[in-house]
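Subject: Structure handover

Hello,

Here is the structure you are taking over. Please open it alongside this email and keep it in view as you read.

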Amino acid sequence: MAETLLLDRRWITRGAERASTARFLLWLAPWVFLLLLGIYAAGLCLYYGLNQTNMDNRFAFGLWIFADLSVIALGAGAFFTGFLVYILKQEDLKPVLNSAVVIGLTCYSGAVAVLMVDVGQPLRAWFTFWYPNTHSMLTEVTFCISCYLLVLILEYVPILLRNRQLRKVPSFLVFEHQFHKLVPVLAGVGAFLSFFHQGSLGGLYGVLRGRPFAFRQGFLIWPSTFFLFVLSAIAVGPSFLMLVTATAERLTGRQLVQPSVFRKLGFISGVLLAVYVAAKAIDTYIWLNFTTPRVGFGPSDFYSYQPLSSTFLFLAMVPFGLIPAVLLIVPFTARRRGLLLLAAVLTCCGVLLNRFVLTVQTLALPTLSFDEFLKYTPSWQEVATFGAVIAYGVIVYSLSYRYLPLFEAPKGENKHVSLG
Amino acid sequence: MNARYGMVIDLDRCTGCGACMIACAAENNVPPAQPRATYRTGVTPMLVRKATNGQEGALRREVFVPITCMQCEEETPCVSVCPQQAVEVDKATGIVMQIPQRCLGCRYCMTACPYHARYFNWWDPQWPAGMENSLNPGVAVRMRGVVEKCNLCHARLHSAMAKAAAEGKREIDPADYVPACVEACPTGAILFGNLADEKDPVYAAAHSADSFRLLARIGTEPKIHYKSTQAWIRALAERSTEHSGEAQHG
Amino acid sequence: MFPWVDGFHWTPLHITFLSLFFSALILVVSTFISGAWRTFKDFRSNRAIDLCWRAEFAQLPEAERCCRHQLAGRLDARICDNAFDCRSCQKYPEFAALPARLPAGNAGIGYDDRLLYHRGHTWVRPEWDGTYTIGLDEFARHLVGRPDFVKLPAIGADIASDGVAWRMRKNGHEIRVRAPIEGTVMCRGGDGEGWYLNVLPHGTPNLRHLLSGAEVAGWLTGEIDRLQLQLAAPNATACLADGGALMPDLMDAELRADWDTVLAGTFLDS
């Protein structure tokens, strides 16, 4: 039976197979190191000021804002899977729901942590709530993300309370029983909040009249980037969830969910990605032919600078857009795990590229006629802080997998998988 | 009546000496640069930039363009994006005001400004021992982590208003309110005044055929005008794809 | 944020935005408060222990949730759907009427015909004065041996059916023994006494859920089989003895076993 030495056996769900404590600690060690390094870097920034970064007056937003937007897009799987399961009644996705919540929680809490380092005066963060400017997309983002982080924490609580030892506390067990009946309400509110903040993160750039590269027209107060960001977020969410689940399966050596879950996530991702690519194509056409000429800017103002140029646009639309969309939809891919995961990776790359283009490329491009194209490289403190967020996500996910019933597998049926 | 303070900067007269920048720094208690500072991390509410006509050799022409906050009037980009209402347009003067004590340092306004006229305090302000005696008592020092920009020497406006009030007058004497850069310019290239007052010389200058505003097509209605008799300089106003767009920083 | 704070504007956009935000926030916080309130009410109305037990029961593997009538041979295969609570089971009268078919031979462990047994390996004996004595059955005693530490409830304390009756510790493992019936603790025994608690139930207790007589043999046979499988050597093929008696002091024997799983399965813990 239990040959592996598990010093923490009492904390692990009965009957669940886990790696030995030593192997688990060995797995955690490099991530903990990365986390500590990042915390140190963040500490330097908080103590000495943001001069520790390579951001400047022209690159006011840098790696961190790109990182924030990216992890929030990738974490969209949390709200979207909840929406699919509880609102659209797609019960067969239930096995990945807990995993999605953990991913969402780490993505959002990590993003908020980085934001607290990114702003010049973190202790004033509450000012946005006290003196909100409802015209500003950033106010919208702040309110929605804070509220949604609360939702994610509350959605994680029942998962946490299913830990073997925590269940032994009667009040925890009864609370978990009562509270998890209310999770559909949270899922609904979460979907509402997420729609707005995913969109507003796009809206941040779409409203910038002073940056014709980012500026878009749209519907009422919302620029087209608002809707494009929501679309791309719900397209990449299931893909990223697929990637994390597949990675977990490979690392633990057991099948965690039915293959049909992968196929379904992939299909949903593919359809949404296809819609996104089409919408983006239309949006790009309108933007280049109507919006920007009005203010005296043209494609050469955006696409004639190496190394970025129009390559990024092509990459975003075809290799990272159309191709993975088609791959995820066609039945040929559905039965081939490797191809499915490749398509998921390409989807993630596409969305990350899109976030990069809007955050960093917008600032690199000149506006005044005598401006030049600018370059920016993040400092090690910025990279380390970003690395800490990734490490934090891996650590929390690993701990959650080890000590909590993350995947609702039937008792004793965790098979070993032959991978290939 | 509400004023609309603005400027007309004569680019034919600007020699790029940078006196306006020094005066601005002195007036606004800008601390000396730290060892790792670059030309992109300084607090320079007035910044003189250089533009060329893109030609080389005998055909090369250069011009110095002092850039300051354009005091945009229409859908002011930095006002609408600030998440905690730390920026607003003062209706009485038309000046775009910033509240440093409310600024979170999110730098969204810096992204929004098409003129790159906003600057972040990347360091804590520090002066060598004894230099703090040279600080201007009328202007508060800003802490690190907040954004700042030109506010048309608002402290000097306050002094002018206080002086007028002491003399029992309702309107300030225009001669009492002169921003530091205007005062320092040796060639008198910067003309400052109330654009709402048709009798003010700045009004006529702003409406002359030679005057232009940078990126006026974006539609933010800046109140800082430029003028030049040379067509190639006036063409700098808008984005032009033929222009090579070389620039250096003064 | 609020009307009296600087920066509040009575515009449709401002009011709509803040209304939506406050609505969402209030909804989120209310779900938490609602959950906490319902929990509080469950404890107040003494439903909490039963809820806990049912939640624990749902986590047990299928093999440990056999209906007693299957163990007694009345049915071929049935998984209990009521957390072993025969007292409230609708199907009980129907199944109890069927003929029992019990396994032949010795169960491998002794039991007393006069006692009533709980699935968590405790026995109950009605006393002449209306109290009930609770003890640990031979299976559990052979498994645990002499416990290192026993923590009994105080006299006058209440124990709830399927809640925790008393706790023991053996070789660093925490054991929570499930209470077979509810009642107020009148006397405390211990490992050496042969019994652990003597309780006075509130009113006349319903003991339908307890096993008695030949049924116990069927149950214990299954338990011994489970024990053998759980104590099997790690890479050995599982095999079941077809005779012999269970050794005493198993936890003190030189066995490399997942005692956590063994104890959890024996005492119906997760």
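Below are notes on confidence, on one contact between chains, and on one chain by itself.

This is a predicted model, so please start with the confidence values. Chain B has a mean pLDDT of 92, with 96% of its residues at 70 or more. One stretch of chain B stands apart: over residues 242-250, pLDDT stays under 50. The model has 26 contacts for that stretch beyond four places in sequence. Where pLDDT is low, the predicted coordinates should not be read in detail.

Next, the contact between chain A and chain C. It involves 35 residues of chain A and 36 residues of chain C. On the chain A side, at least two residues come from each of α5 (127-130), α6 (137-160), α7 (170-179) and α8 (183-206). The most come from α7(A), which gives eight residues. By type, this side of chain A has 22 nonpolar, six polar and seven charged residues.

Last, chain C on its own. Seven helices and nine strands make up its secondary structure. Its C-alpha atoms occupy a box of roughly 85 × 55 × 45 Å along the principal axes. The radius of gyration of chain C is 25 Å, whereas a compact globule of 270 residues would have one near 18 Å. Of the 270 residues in chain C, 33% count as buried. Among contacts in chain C with a separation of 6 or more, 61% join residues 24 or more positions apart.

Regards

Methods:
Residues numbered from 1 in each chain as written. Chains lettered and ligands numbered in written order. Predicted model: local features only at pLDDT ≥ 70, side-chain atom pairs only at ≥ 80, totals over all residues. pLDDT = per-residue confidence, 0-100. Contact = placed C-beta atoms within 7 Å. Helix = DSSP H or I, 4+ residues; strand = E, 2+ residues; numbered from the N terminus. Nonpolar A, V, L, I, M, F, W, Y, C, P; charged D, E, K, R; others polar. Rg over C-alpha atoms; globule rule 2.2 N^0.38 Å. Buried ≥ 20, exposed ≤ 12 C-beta atoms within 10 Å, placed from the backbone.
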